[in-house]
Amino acid sequence: MATPLPKPPLPTRETIRARALGLGFDAVGFTHPAAIGEAGKRLLQFLAEGRHGDMGWMAANAERRASPHVLWPEARSVIVLGLNYGPPDDPLRALSQVTRGAVSVYARGRDYHDIIKARLKALARSIAEEGEAEVKVFVDTAPVLEKPLAQAAGLGWQGKHTNLVSRELGSWLFLGSIFTTLDLGTDDPSADHCGRCQACLDICPTRAFDGPYQIDARRCISYLTIEHKGMIPRALRPLMGNRIYGCDDCLAVCPWNKFAVTTKESAFLPRDGVNLALLAELAGLDDAGFRARFQGSPIKRIGRDRFLRNVLIAIGNSQSADLAHAAQALLEDASALVRGAAVWALSRLLERAAFEALRARCLSLEDDEEVRGEWAGEAGTPINP
Ligand code: SF4
């Protein structure tokens, strides 16, 4: 009778770490699902205070999000993985080009979900096969507190801006995680190295922090431009500058970025026509044009109307009267969100008499209450009063 082949050894932290690095991940750490300290409580407090705005998906899974071990009680280990998306230049430089739209670094290349998920699945498959274990893969959209888990796994710490900071890679890490029933032990958690620095809190254009580690998403430009569906509160619009998708200020200013390196993933490098495209050109996109331009980009997920709302706010902030024609062309757009933002942009760019004349012509034809409110509202702070 043939002797059965010996079973391959169970995967260890070191074999998994080596395999993850081989798959292109830049950071790997191991922790236990229950190792997130007070982060769960802080999330519940954040939600109770309504600071998540209209990100209903956060509140919907609150209990499970707050306790990764409740999410899947059989899980014994979490492998947290990071992919460096460090930009090739200083992202804050884009903010001075006021007739062009600044796009957050993470959205300038291809959608990272596609790239990170494929690698997480490949790694998870090998663990499941060799370890005869169950595995689940999570990336961003799943109900998992990835940043506290990353800190527990030693990838970095949650800075005062609540994002992960790595001593090796600065602010620019995409995170994903693999939960498994295999007991892999844990790495040492990272300590907080913010010290007395609060550059991230000071730079925030909309004062979105109630204090260190306390963000109110409702005032954060990332939330307002990406997650928020309606009109953006009037008081915050002038503070958005030319940021049309996300905001990097608090990430980019962190001194730990002196250790950041440019990503090695060509897919994360800026694609043509995404960052710093002319606002006038973006304002002319119809639905098909928007989809074609942002194919494979995370920007596509917010849809053309919300994107044009952001572009029109940037046009209103541009101080460039030359862009008024681009806003005026959208006064009859099918989307009330777009029409309303066009009214606000014109209130900032046209001379008062020209704006009043336009209002007299358009207001009686407008049947959407919110857009009527934009016509009736304070005419912003016209640059040509
Ligand atoms: Fe403030 Fe921008 Fe950071 Fe949001 S992303 S908290 S708006 S600096």
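A residue is taken to be near a molecule or strand if one of its heavy atoms lies within 4 Å of it. In this predicted model, local features require pLDDT of at least 70 and side-chain atom pairs count only at pLDDT 80 or more, whereas totals for chains, interfaces and linings use all residues. Residues are numbered from 1 along each chain as its sequence is written, and side-chain values use heavy atoms, with hydrogens and water left out.

The ligand is surrounded by Cys 204, Pro 205, Thr 206, Ala 208, Phe 209, Ile 215, Cys 220, Ile 221, Ser 222, Cys 247, Asp 249 and Cys 250. Two or more residues of this shell come from each of helix 9 (221-227) and helix 10 (249-252); helices are DSSP runs of H or I with at least four residues, numbered from the N terminus. By class, the shell comprises 9 nonpolar, 2 polar and 1 charged residues, where Ala, Val, Leu, Ile, Met, Phe, Trp, Tyr, Cys and Pro count as nonpolar, Asp, Glu, Lys and Arg as charged, and the others, Gly among them, as polar.

The axes of helix 15 (residues 336-349) and helix 17 (residues 369-376), fitted to C-alpha atoms over the stretch in contact, come within 9 Å and cross at roughly 0°. Helix 15 is therefore roughly parallel to helix 17, a label for angles under 35 degrees. The contact (heavy atoms within 4.5 Å) involves Ala 336, Arg 339, Gly 340, Val 343 and Trp 344 of helix 15 and Val 371, Glu 374 and Trp 375 of helix 17.

Arg 359, located in helix 16 (residues 352-362), is classed as buried because its relative accessibility is 16%, buried meaning under 20% relative accessible area (1.4 Å probe, protein chains only). Excluding residues up to four places away in sequence, Arg 359 touches Trp 375, Ala 376 and Gly 377.

Technical notes: Axes are lines fitted to C-alpha atoms, for helices over the stretch in contact, and angles run from 0 to 180 degrees between N-to-C directions. Angles under 35 degrees count as roughly parallel, over 145 as roughly antiparallel, 65 to 115 as roughly perpendicular and the rest as oblique. Buried means under 20% relative accessible area, exposed over 50%, partly exposed in between (1.4 Å probe, protein chains only).
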